[in-house]
Amino acid sequence: MDERRMTAMPQFLLLLRDQGAPVFENLSPEEIQRVIEKYMQWGERLRAAGKMKGSEKLRDGEGRVLARSAKGAMNVTDGPYAETKEVVGGFYLVEAADYDEAARLCADSPHLDFGTIEIRAVEVLG
Amino acid sequence: MVEPVGQLVDHLFRSHSGRMVATLARLLGPANLTLAEEVVQESLIRALELWPFHGVPENPTAWLVQVAKNRALDEIRRNRVFAGKAEQLAATLSSTVPAEEPETIADDQLRLMLMCCHPGIPRESQIALTLKSVGGFSVEEIAAAFLADPPTVAQRIVRAKRAIREQALSLDLPPRTELAARVDSLLEILYLTFSEGYSAHSGEWSLRRDLSDEAIRLARLVVADPRLTSPKAHAVLALMLFQSARGDARIGSDGNLLTLEEQDHSRWDGVKLREAMSHFEGSIAGDEISEYHVQAAIAAEHSLARDYASTNWARITSLYDDLLAISPSPVVRLNRAVALAMVEGAESGLREIEAIAGHPQLRNYYLLPATRGELRMRQGDAAAAAADFRRALELPMNDAERRLLHKKLQLCLDQGDSRSTRHPSPSRR
(Lines give C-alpha, C1' and ligand atoms only; values in the text may rest on other atoms or scores of the structure.)
Protein backbone atom coordinates (compact mmCIF):
# COMPACT_ATOMS: atom_id res chain seq x y z
CA MET A 1 0.00 0.00 0.00
CA ASP A 2 1.57 3.33 -0.97
CA GLU A 3 1.68 6.28 1.38
CA ARG A 4 -1.05 8.23 -0.34
CA ARG A 5 -3.50 5.39 0.16
CA MET A 6 -2.42 5.09 3.80
CA THR A 7 -3.25 8.68 4.57
CA ALA A 8 -6.53 8.29 2.74
CA MET A 9 -7.69 5.58 5.14
CA PRO A 10 -11.47 5.91 5.42
CA GLN A 11 -12.83 7.44 8.58
CA PHE A 12 -15.90 6.37 10.48
CA LEU A 13 -18.01 8.18 13.01
CA LEU A 14 -19.11 6.01 15.91
CA LEU A 15 -22.25 7.42 17.49
CA LEU A 16 -22.73 6.07 20.99
CA ARG A 17 -26.36 5.98 21.99
CA ASP A 18 -27.63 5.18 25.46
CA GLN A 19 -30.32 6.08 27.92
CA GLY A 20 -28.11 8.36 30.01
CA ALA A 21 -27.28 8.51 33.70
CA PRO A 22 -30.29 6.55 35.10
CA VAL A 23 -28.76 3.32 33.78
CA PHE A 24 -25.82 3.78 36.12
CA GLU A 25 -27.67 5.03 39.20
CA ASN A 26 -27.57 1.75 41.07
CA LEU A 27 -24.00 0.84 40.31
CA SER A 28 -21.60 0.85 43.23
CA PRO A 29 -18.51 3.09 43.11
CA GLU A 30 -16.43 -0.02 42.46
CA GLU A 31 -18.63 -1.04 39.53
CA ILE A 32 -18.60 2.47 38.09
CA GLN A 33 -14.81 2.45 38.21
CA ARG A 34 -14.67 -0.90 36.42
CA VAL A 35 -16.94 0.38 33.64
CA ILE A 36 -14.76 3.48 33.18
CA GLU A 37 -11.66 1.30 33.01
CA LYS A 38 -13.22 -0.86 30.32
CA TYR A 39 -14.02 2.20 28.19
CA MET A 40 -10.51 3.55 28.72
CA GLN A 41 -8.87 0.26 27.85
CA TRP A 42 -10.96 0.04 24.71
CA GLY A 43 -10.01 3.58 23.67
CA GLU A 44 -6.39 2.91 24.57
CA ARG A 45 -6.27 -0.14 22.32
CA LEU A 46 -7.59 1.86 19.38
CA ARG A 47 -5.17 4.70 20.07
CA ALA A 48 -2.24 2.29 20.29
CA ALA A 49 -3.26 0.83 16.93
CA GLY A 50 -3.40 4.33 15.46
CA LYS A 51 -7.12 4.01 14.75
CA MET A 52 -8.47 6.65 17.11
CA LYS A 53 -8.77 10.09 15.55
CA GLY A 54 -10.90 11.90 18.09
CA SER A 55 -13.72 11.74 20.60
CA GLU A 56 -16.17 14.12 22.21
CA LYS A 57 -18.93 13.88 24.77
CA LEU A 58 -22.17 15.67 23.95
CA ARG A 59 -24.14 17.43 26.64
CA ASP A 60 -27.00 15.33 27.90
CA GLY A 61 -30.53 16.55 28.34
CA GLU A 62 -30.35 19.47 25.95
CA GLY A 63 -30.15 20.36 22.26
CA ARG A 64 -32.06 22.29 19.64
CA VAL A 65 -33.72 21.29 16.40
CA LEU A 66 -34.12 23.85 13.67
CA ALA A 67 -36.79 23.55 11.02
CA ARG A 68 -38.39 25.92 8.61
CA SER A 69 -42.17 26.00 8.63
CA ALA A 70 -44.27 25.89 5.48
CA LYS A 71 -44.58 29.68 5.65
CA GLY A 72 -40.83 30.05 5.74
CA ALA A 73 -40.50 30.95 9.42
CA MET A 74 -37.65 29.34 11.39
CA ASN A 75 -38.80 26.97 14.12
CA VAL A 76 -36.49 26.20 17.00
CA THR A 77 -37.51 23.36 19.28
CA ASP A 78 -35.91 21.50 22.13
CA GLY A 79 -34.88 18.08 21.13
CA PRO A 80 -34.40 16.11 19.05
CA TYR A 81 -35.01 13.32 21.44
CA ALA A 82 -37.95 14.25 23.60
CA GLU A 83 -39.82 11.14 22.55
CA THR A 84 -36.94 8.74 21.96
CA LYS A 85 -35.36 6.75 24.74
CA GLU A 86 -31.83 6.49 23.42
CA VAL A 87 -29.80 9.60 22.67
CA VAL A 88 -26.36 10.16 21.24
CA GLY A 89 -24.19 10.63 24.31
CA GLY A 90 -20.90 11.07 22.51
CA PHE A 91 -18.91 10.09 19.48
CA TYR A 92 -15.58 8.70 18.37
CA LEU A 93 -13.88 9.24 15.04
CA VAL A 94 -11.90 6.19 13.98
CA GLU A 95 -10.00 4.94 10.97
CA ALA A 96 -10.87 1.62 9.42
CA ALA A 97 -10.59 -0.04 6.05
CA ASP A 98 -14.32 -0.61 5.75
CA TYR A 99 -17.53 -1.08 7.73
CA ASP A 100 -16.50 -4.61 8.68
CA GLU A 101 -13.33 -3.42 10.31
CA ALA A 102 -15.11 -0.53 11.99
CA ALA A 103 -17.65 -2.98 13.38
CA ARG A 104 -14.82 -5.22 14.58
CA LEU A 105 -13.28 -2.27 16.43
CA CYS A 106 -16.60 -1.74 18.21
CA ALA A 107 -17.23 -5.40 18.96
CA ASP A 108 -15.47 -5.31 22.33
CA SER A 109 -16.66 -1.86 23.32
CA PRO A 110 -18.14 -1.86 26.82
CA HIS A 111 -20.76 0.53 25.50
CA LEU A 112 -22.68 -2.40 24.04
CA ASP A 113 -23.55 -3.36 27.63
CA PHE A 114 -25.51 -0.13 27.96
CA GLY A 115 -26.60 0.99 24.53
CA THR A 116 -25.93 0.84 20.82
CA ILE A 117 -23.24 2.12 18.49
CA GLU A 118 -24.16 3.55 15.10
CA ILE A 119 -21.35 3.44 12.53
CA ARG A 120 -21.34 6.01 9.74
CA ALA A 121 -18.64 6.28 7.09
CA VAL A 122 -17.29 9.79 6.54
CA GLU A 123 -17.84 10.75 2.89
CA VAL A 124 -14.85 12.16 1.05
CA LEU A 125 -14.68 14.24 -2.08
CA GLY A 126 -13.08 12.18 -4.77
CA MET B 1 4.30 -8.41 30.24
CA VAL B 2 1.96 -5.83 28.78
CA GLU B 3 1.24 -2.90 31.07
CA PRO B 4 -2.44 -2.72 31.89
CA VAL B 5 -3.65 0.41 30.16
CA GLY B 6 -6.58 2.51 31.20
CA GLN B 7 -6.27 1.27 34.76
CA LEU B 8 -7.21 3.61 37.58
CA VAL B 9 -5.78 3.31 41.07
CA ASP B 10 -7.23 0.23 42.78
CA HIS B 11 -10.50 0.96 44.56
CA LEU B 12 -10.04 4.69 43.86
CA PHE B 13 -13.78 5.25 43.53
CA ARG B 14 -14.76 3.15 46.51
CA SER B 15 -12.32 4.75 48.91
CA HIS B 16 -12.89 8.23 47.55
CA SER B 17 -16.64 8.01 47.67
CA GLY B 18 -16.29 7.16 51.37
CA ARG B 19 -13.98 10.10 51.94
CA MET B 20 -16.11 12.53 49.98
CA VAL B 21 -19.30 11.47 51.74
CA ALA B 22 -17.64 11.96 55.13
CA THR B 23 -16.38 15.42 54.22
CA LEU B 24 -19.66 16.52 52.66
CA ALA B 25 -21.57 15.18 55.66
CA ARG B 26 -19.50 17.56 57.79
CA LEU B 27 -20.07 20.50 55.45
CA LEU B 28 -23.79 19.85 54.91
CA GLY B 29 -24.55 18.47 58.37
CA PRO B 30 -25.35 14.83 59.20
CA ALA B 31 -29.08 15.33 58.62
CA ASN B 32 -28.17 15.72 54.94
CA LEU B 33 -26.18 12.51 54.73
CA THR B 34 -28.40 11.27 51.91
CA LEU B 35 -27.72 14.39 49.87
CA ALA B 36 -23.99 13.90 50.49
CA GLU B 37 -24.23 10.33 49.22
CA GLU B 38 -26.28 11.35 46.20
CA VAL B 39 -23.98 14.10 45.00
CA VAL B 40 -20.97 11.83 45.42
CA GLN B 41 -22.67 9.11 43.40
CA GLU B 42 -23.56 11.70 40.76
CA SER B 43 -19.95 12.83 40.53
CA LEU B 44 -18.84 9.24 39.91
CA ILE B 45 -21.47 8.80 37.20
CA ARG B 46 -20.38 12.11 35.69
CA ALA B 47 -16.87 10.68 35.48
CA LEU B 48 -18.27 7.62 33.77
CA GLU B 49 -19.97 9.82 31.19
CA LEU B 50 -17.03 12.11 30.48
CA TRP B 51 -13.78 10.27 31.05
CA PRO B 52 -14.28 7.69 28.26
CA PHE B 53 -14.34 10.60 25.78
CA HIS B 54 -12.07 13.16 27.43
CA GLY B 55 -9.64 10.91 29.24
CA VAL B 56 -8.93 10.93 32.98
CA PRO B 57 -8.33 14.43 34.39
CA GLU B 58 -4.88 15.23 35.75
CA ASN B 59 -6.09 15.10 39.34
CA PRO B 60 -9.05 12.70 39.31
CA THR B 61 -9.86 13.02 43.00
CA ALA B 62 -9.90 16.83 42.97
CA TRP B 63 -12.11 16.64 39.88
CA LEU B 64 -14.57 14.31 41.61
CA VAL B 65 -14.69 16.46 44.74
CA GLN B 66 -15.32 19.62 42.71
CA VAL B 67 -18.14 17.99 40.73
CA ALA B 68 -19.74 16.67 43.92
CA LYS B 69 -19.55 20.11 45.55
CA ASN B 70 -21.04 21.81 42.49
CA ARG B 71 -23.89 19.32 42.52
CA ALA B 72 -24.46 19.96 46.22
CA LEU B 73 -24.51 23.72 45.57
CA ASP B 74 -27.08 23.28 42.80
CA GLU B 75 -29.28 21.24 45.09
CA ILE B 76 -28.97 23.68 47.98
CA ARG B 77 -30.00 26.59 45.79
CA ARG B 78 -32.84 24.69 44.16
CA ASN B 79 -34.39 22.76 47.03
CA ARG B 80 -36.70 24.69 49.32
CA VAL B 81 -35.72 22.43 52.22
CA PHE B 82 -32.58 24.52 52.43
CA ALA B 83 -34.37 27.88 52.30
CA GLY B 84 -32.87 30.19 54.89
CA LYS B 85 -29.78 28.02 55.31
CA ALA B 86 -28.83 28.04 51.63
CA GLU B 87 -26.57 31.11 51.78
CA GLN B 88 -24.56 29.86 54.71
CA LEU B 89 -24.27 26.30 53.38
CA ALA B 90 -23.23 27.55 49.97
CA ALA B 91 -20.59 29.76 51.56
CA THR B 92 -19.21 26.84 53.58
CA LEU B 93 -19.09 24.60 50.52
CA SER B 94 -17.42 27.20 48.31
CA SER B 95 -14.84 28.30 50.85
CA THR B 96 -13.30 24.87 51.39
CA VAL B 97 -10.44 23.73 49.24
CA PRO B 98 -11.12 20.85 46.87
CA ALA B 99 -8.38 18.62 48.26
CA GLU B 100 -8.55 18.39 52.03
CA GLU B 101 -5.59 17.54 54.24
CA PRO B 102 -5.22 13.81 54.92
CA GLU B 103 -5.71 14.46 58.65
CA THR B 104 -8.98 16.25 57.97
CA ILE B 105 -10.18 13.42 55.75
CA ALA B 106 -9.33 10.82 58.38
CA ASP B 107 -11.02 12.91 61.03
CA ASP B 108 -14.17 13.29 58.91
CA GLN B 109 -14.36 9.55 58.40
CA LEU B 110 -13.79 8.72 62.06
CA ARG B 111 -16.48 11.15 63.19
CA LEU B 112 -18.95 9.77 60.68
CA MET B 113 -18.17 6.19 61.74
CA LEU B 114 -18.59 7.06 65.41
CA MET B 115 -21.93 8.66 64.63
CA CYS B 116 -22.96 5.55 62.69
CA CYS B 117 -22.22 3.56 65.87
CA HIS B 118 -24.42 5.73 68.08
CA PRO B 119 -26.40 3.55 70.50
CA GLY B 120 -29.59 5.21 69.25
CA ILE B 121 -29.18 3.33 65.96
CA PRO B 122 -29.98 -0.41 65.88
CA ARG B 123 -26.89 -2.60 65.51
CA GLU B 124 -27.69 -4.00 62.05
CA SER B 125 -28.43 -0.50 60.78
CA GLN B 126 -25.11 0.71 62.22
CA ILE B 127 -23.20 -1.83 60.15
CA ALA B 128 -25.18 -1.19 56.98
CA LEU B 129 -24.81 2.58 57.25
CA THR B 130 -21.09 2.43 58.03
CA LEU B 131 -20.43 0.25 55.01
CA LYS B 132 -22.61 2.36 52.75
CA SER B 133 -21.48 5.83 53.79
CA VAL B 134 -17.91 5.36 54.93
CA GLY B 135 -17.04 2.15 53.11
CA GLY B 136 -18.46 3.11 49.72
CA PHE B 137 -20.30 -0.20 49.24
CA SER B 138 -23.62 -0.35 47.44
CA VAL B 139 -26.77 -1.75 49.01
CA GLU B 140 -26.48 -4.76 46.68
CA GLU B 141 -22.89 -5.42 47.73
CA ILE B 142 -23.72 -5.18 51.43
CA ALA B 143 -26.68 -7.49 50.92
CA ALA B 144 -24.52 -10.02 49.08
CA ALA B 145 -21.88 -9.92 51.79
CA PHE B 146 -24.27 -10.34 54.70
CA LEU B 147 -26.63 -12.78 53.00
CA ALA B 148 -29.55 -10.39 53.21
CA ASP B 149 -32.08 -9.10 50.67
CA PRO B 150 -31.19 -5.73 49.17
CA PRO B 151 -34.56 -4.26 50.31
CA THR B 152 -33.78 -5.36 53.88
CA VAL B 153 -30.41 -3.64 53.77
CA ALA B 154 -31.94 -0.53 52.22
CA GLN B 155 -34.51 -0.52 55.02
CA ARG B 156 -31.77 -0.75 57.64
CA ILE B 157 -30.06 2.27 56.13
CA VAL B 158 -33.31 4.22 56.03
CA ARG B 159 -33.84 3.41 59.71
CA ALA B 160 -30.33 4.60 60.56
CA LYS B 161 -30.81 7.88 58.74
CA ARG B 162 -34.16 8.43 60.38
CA ALA B 163 -32.51 7.92 63.76
CA ILE B 164 -29.85 10.48 62.82
CA ARG B 165 -32.48 13.05 61.89
CA GLU B 166 -34.93 12.38 64.70
CA GLN B 167 -32.31 12.25 67.43
CA ALA B 168 -30.38 15.10 65.81
CA LEU B 169 -27.15 13.13 66.10
CA SER B 170 -24.03 15.16 65.59
CA LEU B 171 -20.57 14.52 64.25
CA ASP B 172 -19.00 15.83 67.44
CA LEU B 173 -16.92 13.31 69.30
CA PRO B 174 -18.95 11.82 72.16
CA PRO B 175 -18.12 13.11 75.66
CA ARG B 176 -15.14 11.48 77.37
CA THR B 177 -17.35 9.27 79.49
CA GLU B 178 -19.00 7.75 76.43
CA LEU B 179 -16.11 7.75 74.02
CA ALA B 180 -14.56 4.42 75.02
CA ALA B 181 -17.87 2.58 74.73
CA ARG B 182 -18.51 4.13 71.31
CA VAL B 183 -15.08 3.17 70.06
CA ASP B 184 -15.66 -0.38 71.37
CA SER B 185 -18.85 -0.50 69.40
CA LEU B 186 -17.04 0.71 66.30
CA LEU B 187 -14.28 -1.89 66.72
CA GLU B 188 -16.92 -4.58 67.04
CA ILE B 189 -18.55 -3.47 63.78
CA LEU B 190 -15.21 -3.36 62.01
CA TYR B 191 -14.27 -6.83 63.22
CA LEU B 192 -17.67 -8.17 62.23
CA THR B 193 -17.23 -6.68 58.78
CA PHE B 194 -13.77 -8.16 58.55
CA SER B 195 -14.83 -11.66 59.54
CA GLU B 196 -17.86 -11.53 57.30
CA GLY B 197 -15.47 -10.91 54.43
CA TYR B 198 -12.91 -13.39 55.67
CA SER B 199 -15.18 -16.30 56.52
CA ALA B 200 -16.69 -16.26 53.06
CA HIS B 201 -20.17 -17.58 53.70
CA SER B 202 -20.96 -17.16 50.07
CA GLY B 203 -20.43 -14.99 47.09
CA GLU B 204 -17.57 -13.50 45.20
CA TRP B 205 -14.08 -13.74 46.61
CA SER B 206 -13.03 -10.32 45.36
CA LEU B 207 -15.95 -8.58 47.03
CA ARG B 208 -15.29 -10.40 50.30
CA ARG B 209 -11.64 -9.44 50.21
CA ASP B 210 -12.64 -5.82 49.61
CA LEU B 211 -14.84 -6.00 52.67
CA SER B 212 -11.99 -7.31 54.82
CA ASP B 213 -9.52 -4.82 53.38
CA GLU B 214 -11.90 -1.95 54.04
CA ALA B 215 -12.35 -3.07 57.65
CA ILE B 216 -8.56 -3.10 58.04
CA ARG B 217 -8.26 0.34 56.47
CA LEU B 218 -10.83 1.82 58.85
CA ALA B 219 -9.32 0.04 61.86
CA ARG B 220 -5.96 1.58 60.95
CA LEU B 221 -7.62 5.01 61.09
CA VAL B 222 -8.87 4.27 64.62
CA VAL B 223 -5.50 2.98 65.79
CA ALA B 224 -3.66 5.97 64.33
CA ASP B 225 -5.88 8.53 66.06
CA PRO B 226 -4.49 9.46 69.49
CA ARG B 227 -7.97 10.30 70.83
CA LEU B 228 -9.43 6.92 69.93
CA THR B 229 -6.62 4.41 70.01
CA SER B 230 -6.29 1.88 72.80
CA PRO B 231 -4.52 -1.44 73.41
CA LYS B 232 -7.81 -3.08 72.44
CA ALA B 233 -7.87 -1.23 69.10
CA HIS B 234 -4.35 -2.52 68.46
CA ALA B 235 -5.54 -6.03 69.33
CA VAL B 236 -8.42 -5.85 66.84
CA LEU B 237 -6.15 -4.59 64.08
CA ALA B 238 -3.49 -7.20 64.89
CA LEU B 239 -6.10 -9.95 64.76
CA MET B 240 -7.40 -8.77 61.39
CA LEU B 241 -3.89 -8.50 59.97
CA PHE B 242 -2.83 -11.94 61.21
CA GLN B 243 -5.85 -13.53 59.58
CA SER B 244 -5.61 -11.46 56.44
CA ALA B 245 -1.92 -12.32 56.02
CA ARG B 246 -2.96 -15.94 55.66
CA GLY B 247 -5.83 -15.09 53.33
CA ASP B 248 -4.23 -15.93 49.99
CA ALA B 249 -2.65 -19.14 51.25
CA ARG B 250 -6.13 -20.46 52.03
CA ILE B 251 -6.82 -20.93 48.35
CA GLY B 252 -4.98 -23.55 46.33
CA SER B 253 -3.79 -23.32 42.75
CA ASP B 254 -7.06 -24.94 41.62
CA GLY B 255 -9.05 -22.16 43.28
CA ASN B 256 -10.28 -24.45 46.03
CA LEU B 257 -10.06 -23.90 49.77
CA LEU B 258 -7.17 -25.49 51.59
CA THR B 259 -7.19 -26.70 55.17
CA LEU B 260 -4.75 -25.10 57.59
CA GLU B 261 -2.77 -28.33 57.37
CA GLU B 262 -2.44 -28.10 53.59
CA GLN B 263 -1.51 -24.42 53.54
CA ASP B 264 1.98 -23.43 52.50
CA HIS B 265 3.17 -21.13 55.29
CA SER B 266 5.68 -19.49 52.99
CA ARG B 267 2.74 -18.01 51.07
CA TRP B 268 1.66 -16.01 54.10
CA ASP B 269 2.09 -12.27 53.64
CA GLY B 270 5.26 -11.35 55.55
CA VAL B 271 4.68 -7.60 55.44
CA LYS B 272 1.22 -7.97 56.94
CA LEU B 273 2.50 -10.42 59.55
CA ARG B 274 5.14 -7.93 60.67
CA GLU B 275 2.55 -5.17 60.89
CA ALA B 276 0.28 -7.54 62.81
CA MET B 277 3.08 -8.39 65.21
CA SER B 278 3.84 -4.74 65.92
CA HIS B 279 0.16 -4.03 66.69
CA PHE B 280 0.04 -7.18 68.78
CA GLU B 281 2.89 -5.74 70.83
CA GLY B 282 0.96 -2.48 71.07
CA SER B 283 -2.04 -4.38 72.41
CA ILE B 284 -0.22 -5.70 75.45
CA ALA B 285 0.21 -2.23 77.00
CA GLY B 286 -3.04 -2.05 78.97
CA ASP B 287 -4.42 -4.12 81.86
CA GLU B 288 -7.51 -5.16 79.95
CA ILE B 289 -7.39 -8.53 78.23
CA SER B 290 -10.20 -8.62 75.71
CA GLU B 291 -11.46 -11.40 73.50
CA TYR B 292 -9.53 -9.75 70.67
CA HIS B 293 -6.28 -9.99 72.62
CA VAL B 294 -6.62 -13.72 73.10
CA GLN B 295 -7.75 -14.31 69.53
CA ALA B 296 -4.83 -12.26 68.27
CA ALA B 297 -2.51 -14.33 70.48
CA ILE B 298 -3.90 -17.53 68.94
CA ALA B 299 -3.48 -16.11 65.45
CA ALA B 300 0.07 -15.06 66.37
CA GLU B 301 0.90 -18.62 67.45
CA HIS B 302 -0.31 -19.98 64.12
CA SER B 303 1.64 -17.34 62.25
CA LEU B 304 4.86 -17.99 64.13
CA ALA B 305 4.83 -21.69 63.24
CA ARG B 306 6.97 -22.66 60.29
CA ASP B 307 4.45 -25.32 59.34
CA TYR B 308 1.39 -27.12 60.68
CA ALA B 309 3.33 -29.80 62.54
CA SER B 310 5.58 -27.40 64.45
CA THR B 311 2.64 -25.31 65.67
CA ASN B 312 2.61 -24.92 69.45
CA TRP B 313 -0.75 -26.63 70.01
CA ALA B 314 -0.35 -26.83 73.79
CA ARG B 315 -0.04 -23.06 73.97
CA ILE B 316 -2.99 -22.64 71.61
CA THR B 317 -5.11 -24.97 73.74
CA SER B 318 -4.38 -22.94 76.84
CA LEU B 319 -5.17 -19.70 74.96
CA TYR B 320 -8.55 -21.21 74.06
CA ASP B 321 -9.04 -21.83 77.78
CA ASP B 322 -8.46 -18.11 78.33
CA LEU B 323 -10.86 -17.27 75.55
CA LEU B 324 -13.54 -19.54 77.05
CA ALA B 325 -13.13 -17.73 80.36
CA ILE B 326 -13.83 -14.39 78.65
CA SER B 327 -16.51 -15.52 76.24
CA PRO B 328 -17.86 -18.99 76.76
CA SER B 329 -19.24 -20.22 73.44
CA PRO B 330 -19.64 -23.67 71.89
CA VAL B 331 -17.82 -22.47 68.75
CA VAL B 332 -14.76 -21.60 70.83
CA ARG B 333 -15.00 -25.01 72.52
CA LEU B 334 -15.08 -26.67 69.13
CA ASN B 335 -11.92 -24.83 68.12
CA ARG B 336 -10.34 -25.79 71.42
CA ALA B 337 -11.19 -29.44 70.71
CA VAL B 338 -9.19 -29.26 67.48
CA ALA B 339 -6.14 -27.87 69.29
CA LEU B 340 -6.54 -30.39 72.12
CA ALA B 341 -6.67 -33.25 69.63
CA MET B 342 -3.31 -32.09 68.29
CA VAL B 343 -1.83 -32.23 71.82
CA GLU B 344 -3.47 -35.29 73.35
CA GLY B 345 -4.72 -37.16 70.32
CA ALA B 346 -7.99 -37.49 68.40
CA GLU B 347 -9.67 -39.33 71.28
CA SER B 348 -9.56 -36.28 73.57
CA GLY B 349 -10.78 -34.03 70.82
CA LEU B 350 -13.72 -36.30 70.08
CA ARG B 351 -14.68 -36.42 73.77
CA GLU B 352 -14.78 -32.62 73.80
CA ILE B 353 -16.91 -32.56 70.69
CA GLU B 354 -19.37 -35.06 72.16
CA ALA B 355 -19.80 -32.74 75.14
CA ILE B 356 -21.00 -29.86 72.94
CA ALA B 357 -22.67 -31.84 70.14
CA GLY B 358 -26.19 -31.19 71.38
CA HIS B 359 -25.76 -27.44 71.74
CA PRO B 360 -28.58 -25.63 69.93
CA GLN B 361 -26.17 -22.99 68.63
CA LEU B 362 -24.30 -25.68 66.70
CA ARG B 363 -27.33 -27.43 65.25
CA ASN B 364 -26.69 -26.08 61.74
CA TYR B 365 -22.97 -25.56 62.12
CA TYR B 366 -21.35 -27.80 59.53
CA LEU B 367 -17.94 -27.49 61.16
CA LEU B 368 -19.11 -29.65 64.06
CA PRO B 369 -19.68 -32.86 62.03
CA ALA B 370 -16.85 -31.90 59.68
CA THR B 371 -14.38 -31.64 62.56
CA ARG B 372 -15.63 -34.88 64.06
CA GLY B 373 -15.14 -36.55 60.68
CA GLU B 374 -11.64 -35.14 60.50
CA LEU B 375 -10.71 -36.61 63.89
CA ARG B 376 -12.32 -39.98 63.16
CA MET B 377 -10.41 -40.08 59.91
CA ARG B 378 -7.26 -39.51 61.93
CA GLN B 379 -8.23 -42.46 64.10
CA GLY B 380 -8.49 -44.55 60.96
CA ASP B 381 -12.27 -44.99 61.10
CA ALA B 382 -13.00 -44.05 57.49
CA ALA B 383 -16.60 -45.29 57.52
CA ALA B 384 -17.58 -43.19 60.54
CA ALA B 385 -15.71 -40.21 59.12
CA ALA B 386 -17.58 -40.53 55.82
CA ALA B 387 -20.89 -40.52 57.70
CA ASP B 388 -19.83 -37.32 59.47
CA PHE B 389 -18.81 -35.59 56.24
CA ARG B 390 -22.14 -36.60 54.69
CA ARG B 391 -23.96 -35.09 57.65
CA ALA B 392 -21.90 -31.91 57.35
CA LEU B 393 -22.71 -31.63 53.65
CA GLU B 394 -26.41 -31.42 54.49
CA LEU B 395 -25.80 -28.14 56.38
CA PRO B 396 -25.39 -24.65 54.93
CA MET B 397 -21.92 -23.63 53.66
CA ASN B 398 -20.44 -21.92 50.64
CA ASP B 399 -19.36 -23.62 47.43
CA ALA B 400 -15.64 -23.57 48.22
CA GLU B 401 -16.28 -25.22 51.57
CA ARG B 402 -18.58 -27.73 49.92
CA ARG B 403 -15.90 -28.72 47.42
CA LEU B 404 -13.38 -29.15 50.22
CA LEU B 405 -15.75 -31.43 52.13
CA HIS B 406 -16.52 -33.47 49.03
CA LYS B 407 -12.82 -33.96 48.59
CA LYS B 408 -12.48 -35.21 52.15
CA LEU B 409 -15.48 -37.48 51.81
CA GLN B 410 -13.99 -38.97 48.67
CA LEU B 411 -10.73 -39.55 50.53
CA CYS B 412 -12.63 -41.49 53.22
CA LEU B 413 -14.46 -43.56 50.65
CA ASP B 414 -11.25 -44.36 48.76
CA GLN B 415 -9.54 -45.37 51.97
CA GLY B 416 -12.42 -47.50 53.18
CA ASP B 417 -12.43 -49.11 49.76
CA SER B 418 -8.75 -50.02 49.76
CA ARG B 419 -8.93 -51.44 53.28
CA SER B 420 -12.01 -53.54 52.96
CA THR B 421 -13.49 -55.20 49.92
CA ARG B 422 -16.84 -55.64 51.66
CA HIS B 423 -17.79 -52.03 51.05
CA PRO B 424 -19.43 -51.32 47.73
CA SER B 425 -17.38 -49.07 45.47
CA PRO B 426 -18.08 -45.42 46.16
CA SER B 427 -20.28 -43.56 43.77
CA ARG B 428 -18.56 -40.51 42.35
CA ARG B 429 -20.39 -37.24 42.60
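Let me begin in chain B, where the crossing of helices α13(B) and α14(B) is left-handed, meaning that the near helix is turned anticlockwise from the far one by less than a right angle, clockwise being right-handed. What we are looking at is a predicted model, in which local features need pLDDT of at least 70 and side-chain atom pairs count only at pLDDT 80 or more, while totals for chains, interfaces and linings use all residues. Residues are numbered from 1 along each chain as its sequence is written, chains are lettered from A and ligands numbered from 1 in the order in which they are written, and side-chain values use heavy atoms, with hydrogens and water left out.

Helix α13(B) covers residues 291–304 and α14(B) covers residues 313–326, and their axes come within 9 Å and cross at roughly 165° (axes are lines fitted to C-alpha atoms, for helices over the stretch in contact, with angles from 0 to 180 degrees between N-to-C directions; helices are DSSP runs of H or I with at least four residues, strands runs of E with at least two, numbered from the N terminus). The two helices are therefore roughly antiparallel (over 145 degrees; under 35 is roughly parallel, 65 to 115 roughly perpendicular, the rest oblique). Among the residues that meet are Val294(B), Ile298(B) and Glu301(B) from α13(B), and Trp313(B), Leu319(B) and Leu323(B) from α14(B), contact being heavy atoms within 4.5 Å. By class, this contact has nine nonpolar, two polar and four charged residues (nonpolar: Ala, Val, Leu, Ile, Met, Phe, Trp, Tyr, Cys, Pro; charged: Asp, Glu, Lys, Arg; polar: the others, Gly among them).

Helix α13(B) also packs with helix α12(B), residues 270–283, at an angle of about 140° and with the axes 11 Å apart, which makes α12(B) oblique to α13(B). This crossing is left-handed, and the residues that meet include Met277(B) and Phe280(B) from α12(B), and Ala297(B) and Leu304(B) from α13(B). That contact has seven nonpolar, three polar and no charged residues.

Turning to chain A, four strands form an open antiparallel sheet in the order β2-β5-β1-β6, where pairing requires at least two DSSP bridges. The edge strands, each pairing on one side only, are β2(A), residues 52–57, and β6(A), residues 116–121, and neighbouring strands are turned by 20° against each other on average, direction ignored. Helix α2(A), residues 29–48, packs on this sheet by touching β1(A), β2(A) and β5(A), and its direction makes about 150° with that of β2(A). Helix α3(A), residues 99–107, likewise packs on the sheet, touching β1(A), β5(A) and β6(A), and makes about 150° with β6(A).

Towards β6(A), Leu13(A) stands opposite Arg120(A) and Arg17(A) opposite Thr116(A), whereas in β5(A) the residue opposite Leu16(A) is Gly90(A).

Finally, how do the chains meet? Between chains B and A, 28 residues of chain B are in contact with 26 of chain A. The buried area is about 2,400 Å², of which carbon and sulfur atoms give 64% (accessible area, 1.4 Å probe, that two parts lose on being put together, summed over both). In chain B, Leu48(B), Pro52(B) and Phe53(B) lose the most area to chain A, together 29% of what that side buries.
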